[in-house]
Amino acid sequence: MNSKYEAVIGLEVHAQLLTETKLFCGCSTKFGNPPNTNVCPICLGHPGVLPVLNKKAVEYAVLMGLATNCRINEKSVFARKNYFYPDLPKGYQISQYDLPVCEAGHIDVDLSDGSTKRLGITRIHLEEDAGKSIHDQAFETLVDVNRCGVPLIEIVSEPDMRSAEEAYQYLSKIKQIVQYLSICDGNMEEGSLRCDANISVRLKGETKLGTKTEIKNMNSFKNVEKALNYEIERQIELIEDGGKVIQETLLWNADLNIASPMRGKEEAHDYRYFPEPDLMPVIVSNDWVKEISENLPELPEARKQRFTSEYKLPTYDADILTSSRDLADYYEEVAKVTADYKSASNWIMGDILKVVNETKTSIKDFSIKPVQLGKLINLINNNTISGKIAKDVFPFMLKEGKDPEVIVKEKNLVQITDSSAIESAIQKILNNNPNEVEQYLSGKEKVFGFLVGQVMRETKGKANPKAVNDILKESLEAKRK
Amino acid sequence: MLNYKNHQEKLEKIKSGEISLSENVKHFLKNIEANKKLNAFNFVFSEDALKDAELIETKIKSSSSCGKLAGMVIAIKDVLALKDKPLTCSSKILKDFVSLYNATAINKLKEQDAIIIGKTSCDEFAMGSSNENSAFGPVLNPVDPSRVPGGSSGGSAVAVASECCDAALGTDTGGSIRQPAAFCGVFGLKPTYGRVSRFGLTAFASSFDSIGPFTNNVEDASLILEVISGKDCLDSTSADIPVPDFQKLLDDVNLASGDYNGKPRIGIPKEYFGQGLNPEIRESIENLIGKLKTSGFEVKEISLPHTEYSIATYYILTTAEASSNLARYDGARYGYRSSESHNLKQMYTLSRSEGFGKEVKRRIMLGTYVLSAGYYDAYYKKAQKVRRLLKNDFDNAFSEVDLILTPTTPSTAFKIGEKSSDPLEMYLNDIYTTSANLAGIPGINIPIATSSEGLPIGLQLMANQFNETALLKMSYYIQKNLL
Ligand SMILES: [Zn+2]
């Protein structure tokens, strides 16, 4: 970014709520069912139908509000947002307008320079999702109404972000929180988390806002960062060249890595909002908020703190391990089995996350269960196997899903700690390598490593490395005399 | 002529074998056929009705218990959803639409063994005061077929007035039950907003719409109200307030002998007797007020000072809600789609231009306008404030009186075509009825007299929210003693 300028970014994040049923009818919210099967006269907008509010969705919105330090409004009101589109059966979307369920919150995000920044949340409101228009035939548009009426929360930030990085961190944090709360699966690729951005740029020190543009259709985290950087650069270049930013909506094209203006129809809408007469105001009493807050799980920030104090982990480890609730849960399950907290952290951050990332599985479905990993660590620590053998056991656990002690037994990998067995192996190696022994005795102690390697090879790696070290050294020193 | 005076008597006569329910249904079907020129029905379900009659007659005669409405033959306005039957709202845009479900009120009628004989015509989407705005042609007044029956529930009023059924359901958004009841000379009851579930009632103006009965007597109106009322989990705006046994209350009370638990005080709002009120109607109402006074009722003049704003407020708010409620009829998923459309915008504009009638389009445009950016505050928001003031007027009035008595309409039934060129003139016909919808209170039309031309004259009683008991008791007293 040109250092004279700063960006001003606000995000609107839509999160699909993980309720069993839709926001205003009893239809299932299940993803991936055949088109137009999760439907009923209500979500199809037939004449005479009326919406009935799903209380669970309100609960989820309040949870999000509590987790992001919002004020929970005792009374909020649904409103109709009127516009015509084939995937909007009623010709209006039931949303919230001037009285949303949560307002005036914030979250803190950690930035790469080590600083922490507080970013404001203007409001969180409830609304129903629209259906999907599928334009995959030359002259026809097909409509799938399954998604129509699925509950969403829209989380609107203050224009507090000054760079694409801050926006990325904010979005990551929102995703982390909704996942921790189990109210949304946070999957941007499948559209259960969606993000639109408002962007403007201005000279540093300027207090007035520049003209903003809106970018839609950024359907991955990577695209959000790319699209924002693209648009920031575009606006700066435009201004530098003496041009003016036009207020417009842009669509991000992930294939071409460009944002292009959306054409006509969605622009300049007058949504004619008015209070939804078919629904009573939503009343969230103090008692209800109290009840909901009792279901509030430990949030990422607090859990991170606890990981550093309870498990004595470095901040770096705690940060990674608490990045998702499932991963943190996995870690804590391991920590129940072994007291070697740091090893547990190393194994997870290293070998396990590597496989998880490579195979794109979720930690929840990972084939090695936390108990098994804990046992593996314990096998090392009680000298049953060496750390090196453990690395060999790991792929078998991964593939066969068996307990580590079973694999160690089956493959005959139990460590040799019996010193006479080790001694005879050492004797054999010393006899077979007289030159190296000579070199060692003449002061070239570097060959010691070679000899250790030979012993380990002779014992197929099962010898306790410390014992090998000690006995070998003893045997060599004995030869000096 | 029917040989029973109300449903209770009909039921007894069926039990005793004096009346055959099947013959009774056939009699109604014959009348429907004979009155075809009145155009009251959009659809008649002869076969279903005859089959139901047989089943229900057996049920009534056997010792097993039968429903409260067993054998009552009811017509329903064609804005109410009846499963597997057309639901057209008298509009071309829904000409071939078939409902997938039953309205809650219809389910309740059926559970109590009522017989649904057909669906009645109305002004398109219940918008109108003359039943001239139907895609299936105007409905004629049985008293004088050159005149309108009133609207929007004109078909339901005509069906009852011309003896095509025992009762009918209509809907009332600004007088659509009471005004046609007055024009056709039958009882028409608009309950408190929220008393009857709106689930399955095709919305015109959601915060105004109420479902209610047309009947020949207060007893049947009470009975039907009792059946269709109550909290419905499918309608968030339905009220969780106990439903009294209205009919029993009527029987319990003998107003004439003075054992009414304190005689109701009756208020006469001066604003309802100004210029524009037909002198014959004024005379009939004053005559009845005189009788009430003679009978010892306390009658006093009251004021509802914001009355003059009711029509304007009503038309701003109802058209706003209607513009949104009718957006779903767009040709995309069901209903009429113009065959001339070749792209999305054309599909919308042509389907809606061709599918909706003139009055509906007028109201959609009005409603769209009052909700538009820049006009919302001046119209919609202001009208909401005035609505509250109107409601306050009634709250104040009901702290002084139990019932409010007014004419139902400023004129008797007018000629077909007389007002259709002047919408404002037409809207003014609702001048005495819209206030009850704005305030959400119940109102009833009682046919009290006929004009020198032989046209029915109606009296309107209004009561406070959820005080239908007082409304029905007083109506019953008037029906029994003063008519
Ligand atoms: Zn549904």
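Author: In this predicted model, a residue is called buried if 20 or more other C-beta atoms lie within 10 Å of its own.

Reader: Which residues in α1(A) are buried?

Author: Helix α1 covers residues 55–67 of chain A. By the cut-off of 20 or more other C-beta atoms within 10 Å, the buried residues in this helix are A:Ala57, A:Val58, A:Tyr60, A:Ala61, A:Val62, A:Leu63, A:Met64, A:Gly65 and A:Ala67.

Reader: How far apart are the end C-alpha atoms of helix α1 of chain A, and what should its 13 residues span?

Author: Counting 1.5 Å a residue, the 13 residues of this helix should span 18 Å. The end C-alpha atoms agree with that expectation, since their separation is 18 Å.

Reader: Which residue just after α1(A) takes a positive phi?

Author: The chain leaves α1(A), and just after the helix a phi of about 60° is found. The residue that takes this positive value is A:Asn69.

Reader: Are α14(A) and α15(A) parallel or oblique to each other?

Author: The axes of α14 (residues 447–458) and α15 (residues 465–480), both of chain A, come within 10 Å and cross at roughly 125°, and α14(A) passes α15(A) in a right-handed crossing. Angles over 145 degrees would count as roughly antiparallel and those from 65 to 115 as roughly perpendicular. The two helices are therefore oblique.

Reader: How many nonpolar residues does the contact of α14(A) with α15(A) have?

Author: From α14(A), A:Leu451, A:Val452, A:Val455 and A:Met456 meet A:Val468, A:Asn469 and A:Leu472 of α15(A). By class, this contact has no charged residues and one polar residue, while the nonpolar residues number six.

Conventions: Residues are numbered from 1 along each chain as its sequence is written. Chains are lettered from A and ligands numbered from 1 in the order in which they are written. This is a predicted model: local features need pLDDT of at least 70, side-chain atom pairs count only at pLDDT 80 or more; totals for chains, interfaces and linings use all residues. Axes are lines fitted to C-alpha atoms, for helices over the stretch in contact, and angles run from 0 to 180 degrees between N-to-C directions. Helices (H or I, at least four residues) and strands (E, at least two) are DSSP runs, numbered from the N terminus. Angles under 35 degrees count as roughly parallel, over 145 as roughly antiparallel, 65 to 115 as roughly perpendicular and the rest as oblique. A crossing is left-handed if the near helix is turned anticlockwise from the far one by less than a right angle, and right-handed if clockwise. Two residues are in contact if their C-beta atoms, placed from the backbone, lie within 7 Å. Ala, Val, Leu, Ile, Met, Phe, Trp, Tyr, Cys and Pro count as nonpolar, Asp, Glu, Lys and Arg as charged, and the others, Gly among them, as polar. The expected span of a helix is 1.5 Å times one less than its number of residues. A residue is buried if 20 or more other C-beta atoms lie within 10 Å of its own, exposed if 12 or fewer, and partly exposed in between; C-beta atoms are placed from the backbone.
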